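Me: I would like to go through this model step by step, starting with one chain and then moving to where it meets its partner. Please give the cut-offs as we go.

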Amino acid sequence: MSETNMRLLVVDDEPIVGKRLKQVFGKIGFAIETYTDSVAALAAMAEKPFDIVVTDLKMEGIDGIEVLKRVRAMNPETRVIIITGYASPDTAELADREGVFAFLAKPFRLDELKQVIYRAMETDGLKA
Amino acid sequence: MAFPSNPFSSATKADHSSFAASFRLFRRLLTLNNAVLEKIGRMEGALAGEYVFDRKFLSEAVAGLNELVREVVSCLGSLTSNRYLVLYDRYEEIAGKLSGLALEYAGPYDSHRTLTYDLLNSDFEELVGGKNATLSEIRNRLHLRTPDGFAITVAAYREFMEANDLFARIDAIRVAPGSSRKHSERIAGSLRQARFPEQLVAAVQDELAQLLKRAGGAVPLAVRSSGMGEDAVTRSFAGQFHSVLEVRPDLSSVLDAYRRVIGSRFSVAALEYLGSTTGSREVPMAAGVQPMITSRVAGVTYSRDPEAPEKNQLLITSLRGAAHDLVSGHRQADRFVMSRTWPFPPLTSEIVMPDSFLAAREAFDLLPSGLRRGSATLSPKELSRLAEQALLLEKTFGEPQDIEWALEDEPVILQSRPLSLPAKPPPLPGELAAELAAAIPLMSGKGQVAHLGIAAGRVVHVDQNTDPEQFPVGAIAVARFPSPQLSPIVWRAAAIITEIGGPTGHLATIAREYRTPALFGTGEAVKLLAEGAEVTVDVENKQVYQGIIAGLVRLHDAEQDDYRSSQELRILRRILRWVAPITLADPTSVDFKAENCQTFHDILRFAHEKAIDALIHFHAEQSDSQEELSRPVQLPIPLKLRVIDLGSGFKPEAPSSGAIAMEMLNSRPLIAILQGFLKEDQAAREPVVLGLRDILSGIGKPLALLTGPAYPGDNLGIIAEHYCNLCLRLGYHLNVVDAYMSPDPDNNYIYFRFAGGMAEKAKREWRARLISAILSGLYFKVERTGDLVIAKARNLDVPRMERVLVRLGELISFTRQLDVRMRDEAAIEEFFQRFLVSIRQEQAGEEG
């Protein structure tokens with residue numbers, strides 16, 4: 001892990017997801033911010049970019065695909081991971097086109113997300 | 001989960017038989033069984049912390065479970081001609097509860113005005129407040145003593161406040177000019193004039209009568225505040241809410257006391273503490289009504305010494321008399337600082353000389369030994385019992401505890417709440433990484449998470465015969481099999497690791513109830529983790545390190561409570577309570593009935609047991625019609641065995657009718673069992689293997705197994721490539737083996753039933769006991785009633801399945817001799833003992 005903390009943002013309209021991820025990633029050295037509202041999350045990203053964004057797919061207002069598009073437009077370096085309970089092949093393909101880093105179906109094992117995030121950190125530009 | 005190969009894939013005569021139809025239902029039932037267990041596993045995994053989940057997951061999981069279990073019930077109905085109709089009712093009731101919980105409808109108790117402690121646990125905090133919920137958790141799940149009692153709920157409180165329009169009036173008072181004191185006085189005036197709604201009065205009256213009946217008469221009562229989050233916040237808040245002691249056991253006194261408890265929510269101190277931004281509707285107040293506890297000694301335990309929280313010690317203070325004397329701080333108390341390591345040696349103690357006139361004489365008397373009478377309030381045994389409970393409460397609630405207790409003969413816990421200590425920063429990621437890099441892993445990546453957590457301590461090997469009282473509290477229990485008998489050990493252990501089993505078993509549920517970190521199904525923990533070794537277990541990462549990894553332990557301590565107390569976890573726990581536990585543990589019990597199924601797991605268990613019964617009895621009931629379907633097997637021993645092939649049970653080149661040569665059998669479990677039967681022969685050619693002949697020759701009584709008495713009657717095997725159901729009437733014994741053996745250990749099981757015999761009862765029982773011991777050594781979970789032995793093993797891989805089935809064959813083959821040939825009980829026992837030793841040797845050899 002880098003000397004300066006990796007910045008991780010989580011947006012999911014169900015608070016429990018953020019709570020759990022904060023508990024886990026906070027204690028292994030990530031600077032983690034969690035949101036239940038995608039508008040507020042995007043505002044935070046506009047203020048200071050994040051290295052990794054974990055977003056829910058189905059949300060009121062701005063959904064996960066839209067979050068992905070806007071994050072990629074703001075900062076192409078950011079790796080976006082989409083988590084969802086409804087992963088249809090169509091959305092997966094769409095997300096893929098928009099440059100999603102990974103897709104995870106809920107409920108997912110913590111190990112799986114950790115592995116994906118570690119992989120994201122090892123890709124260009126993010127490695128410590 | 002689907003079975004890897006369908007035993008009916010090839011057309012056979014049996015396809016058309018009713019047996020095949022039953023058998024197909026049975027297989028379907030097993031598949032459903034696995035699917036449900038897998039779902040429960042995921043839910044328990046989510047509860048344990050292995051999965052990240054959300055509310056959608058909860059409602060989908062419940063919908064899925066309801067569907068699967070409905071099919072289980074209807075499968076059993078078809079198999080048994082609807083013999084257990086009441087099971088449908090049980091299903092409907094449980095499924096209805098689950099749907100309600102998942103949709104967050106009001107729970108079954110949410111509108112109750114009063115609730116007895118026996119119905120509650122920590123998940124009811126929102127309804128009954130922190131103190132009631134915590135005490136009930138301690139009482140009902142940890143099975144420690146607490147006062148009996150009932151809660152007057154938040155629903156009752158709201159009803160009272162609304163009926164008298166008090167929330168609005170209080171808000172109006174509080175925005176008016178004036179001090180907190182003035183506000184509080186005016187609020188108290190309003191409360192005094194308020195009337196209790198009739199239904200509330202009736203509920204309290206009813207509950208009170210029952211409480212006094214349980215207490216055996218009109219005993220004095222305590223009416224205690226039980227606010228929302230009262231115990232969870234800082235200690236400075238804890239004293240603000242009121243408890244009324246020595247309340248007379250009549251309705252009007254109890255209601256008066258209740259009114260005073262409600263009043264304490266709006267006392268000057270509480271108003272100032274909560275601040276002007278906290279509305280009157282917030283921080284609702286429940287109350288608890290309990291008999292006063294008379295005690296010889298009372299005190300407080302801090303599970304960590306607040307004066308030296310970094311040291312491995314705890315603090316107990318105590319004085320003679322009742323608990324409130326100590327809490328109010330009026331009198332000086334004895335202080336005992338003790339090690340937190342079992343058996344909790346005392347480190348220092350300060351004993352106060354008794355200050356009363358009455359006690360003075362006693363203190364200066366000399367004992368017959370010539371020594372002065374010890375004036376300490378607590379004996380060493382009592383101290384260690386208190387220390388043990390403190391560690392258990394700390395483990396359960398996930399942080400150091402401040403425990404109020406009273407002691408007559410056994411401690412009664414009056415309250416347990418978080419002990420606020422200066423927060424220790426978690427180790428920096430770099431520090432921890434360096435410590436872990438230097439650590440020696442003893443076991444890595446093995447097993448399944450049964451309950452998350454990190455623990456450090458000494459390894460103690462345990463099995464179902466270990467005396468729990470001898471198990472050191474705070475040690476790491478390591479067992480081969482997650483036997484339900486280990487429950488009291490899980491209670492005492494800092495963590496438990498097993499070789500067999502997974503997150504859905506009974507013991508895993510127990511581990512979660514006691515919040516004991518648990519890693520199950522590791523395969524070889526007993527060998528890798530030596531007795532007495534100090535280790536650190538990190539369940540989440542499936543690592544066991546040599547020695548104490550301080551950083552990991554600190555990390556665990558620093559974990560936040562935010563997630564643990566979330567509503568979703570609470571709902572999941574409530575759901576699982578109607579799903580996961582097994583309350584019908586013993587199929588031989590008279591209570592093993594459909595109407596007694598309390599949970600989905602009970603329904604599964606019941607259906608499984610009755611489905612096996614249906615299959616086993618099929619042969620007996622339909623013996624005439626089965627004749628033409630079955631074919632004799634040619635064996636080199638005098639065993640008349642006929643088999644029915646359900647599919648791929650014979651080799652493709654086998655003739656299509658007539659007797660079947662043993663070499664033509666393709667049923668792997670049957671072949672293994674027959675190998676055991678024939679092992680005598682092999683043992684002669686392979687002297688290395690310790691076979692029956694070796695054992696028997698040592699007894700000095702040669703037994704000609706191959707020329708023994710003919711097995712009376714036909715025996716039947718129902719076989720497929722991976723399956724065998726064998727009913728053997730050997731000698732005077734009836735043995736049933738039902739086994740499924742495939743490359744996927746998840747599907748594998750062996751069911752073995754041993755019963756009968758003509759010897760006198762005591763001898764038969766003794767044999768059953770010996771057989772039980774042998775089977776326990778072979779991964780079996782054994783239930784024995786009299787001379788009936790039922791043994792089950794699950795989830796073994798192919799080599800283990802084969803080994804166990806061969807051994808089972810040997811054992812069955814031997815038991816048929818017992819009544820006929822062997823008169824010498826000592827020789828029989830000798831045989832069994834040596835058989836047991838040889839199993840252990842073989843096991844050590846294989847796994848070494």
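Me: What share of the contacts in chain A with a separation of 6 or more comes from residues 24 or more positions apart?
Reply: This is a predicted model, in which local features need pLDDT of at least 70, side-chain atom pairs count only at pLDDT 80 or more, and totals for chains, interfaces and linings use all residues. Residues are numbered from 1 along each chain as its sequence is written, chains are lettered from A and ligands numbered from 1 in the order in which they are written, and side-chain values use heavy atoms, with hydrogens and water left out. With contact taken as heavy atoms within 4.5 Å, the share in chain A is 64%.

Me: How many helices and strands does chain A have?
Reply: Helices (H or I, at least four residues) and strands (E, at least two) are DSSP runs, numbered from the N terminus. From that end, the elements of chain A follow the order β-α-β-α-β-α-β-α-β-β-α. The count for chain A is five helices and six strands.

Me: How much area do chain A and chain B bury between them?
Reply: Here, 19 residues of chain A are in contact with 24 residues of chain B. Buried area is the accessible area (1.4 Å probe) that two parts lose on being put together, summed over both. Carbon and sulfur atoms carry 53% of the total for chain A and chain B, which is about 2,300 Å².

Me: Which residues' side chains meet in a salt bridge at 3.9 Å, N to O?
Reply: The rule asks for a side-chain nitrogen of Lys or Arg within 4 Å of a carboxyl oxygen of Asp or Glu, and across the interface of chain A and chain B it finds two salt bridges. The pair whose side chains meet at 3.9 Å, N to O, is Asp56(A) and Lys56(B).

Me: Which residue is the bridge partner of Arg109(A) in strand 1 of chain B?
Reply: Two strands pair if DSSP finds at least two bridges between them. Strand 6 of chain A and strand 1 (residues 51–52) of chain B run antiparallel and are joined by two bridges. Within strand 1 of chain B, the partner of Arg109(A) is Tyr51(B).

Me: Why does Gly49(B) count as buried?
Reply: Gly49(B) lies in the loop between helix 1 (18–48) and strand 1 of chain B, and, leaving aside neighbours within four places in sequence, Gly49(B) is in contact with Arg20(A), Leu110(A) and Leu452(B). Buried means under 20% relative accessible area, exposed over 50%, partly exposed in between (1.4 Å probe, protein chains only). Gly49(B) is therefore buried, because its relative accessible area is 3%.
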